[in-house]
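Trainee: I would like to go through this model by question and answer. Please put up the sequence and structure.

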Amino acid sequence: MRRVVITGIGLITPVGIGLEPTWAALQNGESGAGPITLFDRTGYASQFACEVKDWAAAAPTWFDKRELKHYDRFLQFGVAAAMLAMDDAGYADRKVPAGEEDRWGCFIGAGLGGVKTIEDTHDTGRAKGPRYGFSPYFVTDIIINMVPGMVTIRTGARGPNFSHVSACSSGAHSIGEAMRTIRHGYADVMIAGGCEATITMLGVGGFNAMRAMSTRNDDPKGASRPFDKDRDGFVIGEGAGVVILEDYDHAVARGARIYAEVKGYAAGSDAHHVTAPAPEGIGAQRCMRAALADAGLEPTAIDYINAHGTSTDANDKNETAAIKAVFGDHARKLAVSSTKSMTGHMLGAAGSVECGIGALAITRGVLPPTINYTTPDPDCDLDYVPNVARAQRVDAVLSNSFGFGGTNACLVLVRV
């Protein structure tokens with residue numbers, strides 16, 4: 001089986017557009033939360049979110065006026081993050097090298113797809129009727145696999161091209177399955193990740209109805225507080241994270257900069273409940289153990305866990321319990337942080353963004369903090385890198401992603 005490495009990272013997040021702005025904000029403990037501006041928030045229980053800032057000004061870098069007029073926001077995020085990842089990997093023209101087209105593929109997923117386009121089309125369809133109320137781009141603007149489709153059209157990649165749709169695990173599953181695609185010889189390079197744009201009437205309204213989101217409307221920046229006793233729900237975010245995965249020998253042959261090796265991956269199911277995690281994080285335990293086994297590592301090899309850490313009571317207690325069960329005494333020596341405290345929960349993009357952050361932690365020797373950690377919860381008693389980033393050598397990272405439907409994904413990254 002071939003080794004698989006990360007050679008490019010593209011990030012579009014609520015704290016920055018691009019890798020360096022995002023990384024700087026995470027090191028500084030900056031929150032991306034603020035009042036919702038993307039729709040009229042009046043009357044909603046949660047009136048704030050982690051929106052991508054200044055997107056209208058940035059988007060023309062990647063899209064022409066026609067594309068901007070009809071591409072759903074989630075499509076824009078996913079395609080742009082892929083182009084950023086290509087740039088970062090050293091493919092300056094954002095094209096697959098001639099002769100390699102059949103050995104490149106693209107897996108980019110999402111949780112919900114073109115929600116805003118569905119909302120808008122419903123309104124125009126009702127108002128104008130079937131003849132004038134529908135855009136010819138409606139279908140292609142809402143289906144999730146249009147993101148990897150658009151990316152392959154732009155880059156010329158002719159290998160595997162589809163989307164993994166697994167709620168908040170979508171981005172992590174996409175990267176894990178892309179790693180396996182290279183590992184087993186079906187491709188040499190994969191463009192992989194996740195994207196999401198559900199800060200909309202339906203997205204916010206739906207999660208509010210589930211009572212899953214924070215209602216700390218008087219303090220948006222202090223609302224996402226994973227593992228803190230006073231947490232009251234997650235803060236919805238948006239954006240995209242895409243990585244370039246390469247066969248190690250392919251990367252070395254072209255002199256690529258390598259961030260980290262994707263050493264292990266596992267996917268599993270709680271088989272328990274549509275939204276609630278299994279007690280004691282049993283499903284998460286199985287997934288973490290399987291990822292470590294796939295990587296051929298003992299639990300003691302892991303230095304840092306980028307936790308799923310949603311700022312919900314159900315996740316944070318159960319994830320903590322799962323970490324203790326898997327790592328035993330080593331759990332007390334681990335650094336664990338949730339970057340969702342800053343980015344909010346980016347849903348289908350969360351796992352891929354957090355994979356990229358884990359790779360940067362290895363390369364740059366800095367652990368991003370869990371901000372807003374002010375009141376320790378007796379049930380959440382690990383080292384969550386509270387409030388301030390920490391300089392530390394990191395050789396191995398575990399990145400956790402868990403989603404509705406009981407779907408779990410864990411990635412293990414190591415220093416090369």
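Mentor: One term before we start: buried means under 20% relative accessible area, exposed means over 50%, and partly exposed lies in between, with a 1.4 Å probe and protein chains only. This is a predicted model, where local features need pLDDT of at least 70, side-chain atom pairs count only at pLDDT 80 or more, and totals for chains, interfaces and linings use all residues. Residues are numbered from 1 along each chain as its sequence is written, and side-chain values use heavy atoms, with hydrogens and water left out.

Trainee: Are Phe63 and Tyr71 buried or exposed?

Mentor: The cut-off for burial is under 20% relative accessible area. Both Phe63 and Tyr71 fall in that class: buried.

Trainee: Which geometry do the rings of Phe63 and Tyr71 have?

Mentor: Rings of Phe, Tyr and Trp (its six-membered ring) pair if their centres lie within 6.5 Å; planes under 30 degrees apart count as stacked, over 60 as edge-to-face and the rest as tilted. A search of the whole structure gives 10 aromatic pairs. For Phe63 and Tyr71 the centres are 5.8 Å apart and the planes stand at 80°, so the pair is edge-to-face.

Trainee: How many residues apart in sequence are the parts that Tyr373 and Tyr384 tie together?

Mentor: Tyr373 and Tyr384 form a tilted pair, 5.6 Å centre to centre with 55° between the planes. Helices (H or I, at least four residues) and strands (E, at least two) are DSSP runs, numbered from the N terminus. Both tyrosines lie in the loop between strand E12 (366-367) and strand E13 (390-391), so the separation in sequence is 11 residues.

Trainee: How far from the centre of the Tyr248 ring is the charged end of Arg3?

Mentor: A charge sits over a ring if NZ of Lys or CZ of Arg is within 6 Å of the ring centre and within 35 degrees of the ring normal. The charged end of Arg3 sits over the ring of Tyr248, and the distance to the centre is 4.2 Å.

Trainee: How many residues of helix H7 are buried?

Mentor: Helix H7 spans residues 146-155 and is mostly covered. The cover of its buried residues includes helix H4 (73-88), strand E5 (104-109), helix H6 (138-142), E6 and strand E7 (189-196). Among the buried residues are Met146, Pro148 and Thr155.

Trainee: Which residues does Val147 contact beyond its neighbours within four places in sequence?

Mentor: Val147 lies in helix H7 and is buried, with a relative accessible area of 1%. Val147 and Ile108 are 39 residues apart in sequence, yet 6.5 Å apart in space, C-alpha to C-alpha. Contact means heavy atoms within 4.5 Å. The contacts are Phe74, Leu75, Gly78, Val79, Ile108 and Cys195.

Trainee: Where is Ala167?

Mentor: Ala167 has a positive phi, near 55°, and is not a glycine. Ala167 is partly exposed, with a relative accessible area of 23%. Its place is the loop between strand E6 (161-162) and helix H8 (170-183).

Trainee: What is the relative accessible area of Ser311?

Mentor: Ser311 also has a positive phi, about 80°, without being a glycine. Ser311 is found in the loop between strand E10 (304-306) and helix H12 (313-327). Ser311 is buried, and the value is 0%.

Trainee: How many disulfides does the search find?

Mentor: A disulfide is a pair of cysteine sulfur atoms within 2.5 Å. The sulfur of Cys50 is 14 Å from the closest cysteine sulfur, in Cys168, too far for a bond. For Cys380 the nearest cysteine sulfur, that of Cys410, is 17 Å away. Over the whole structure, the search finds 0.
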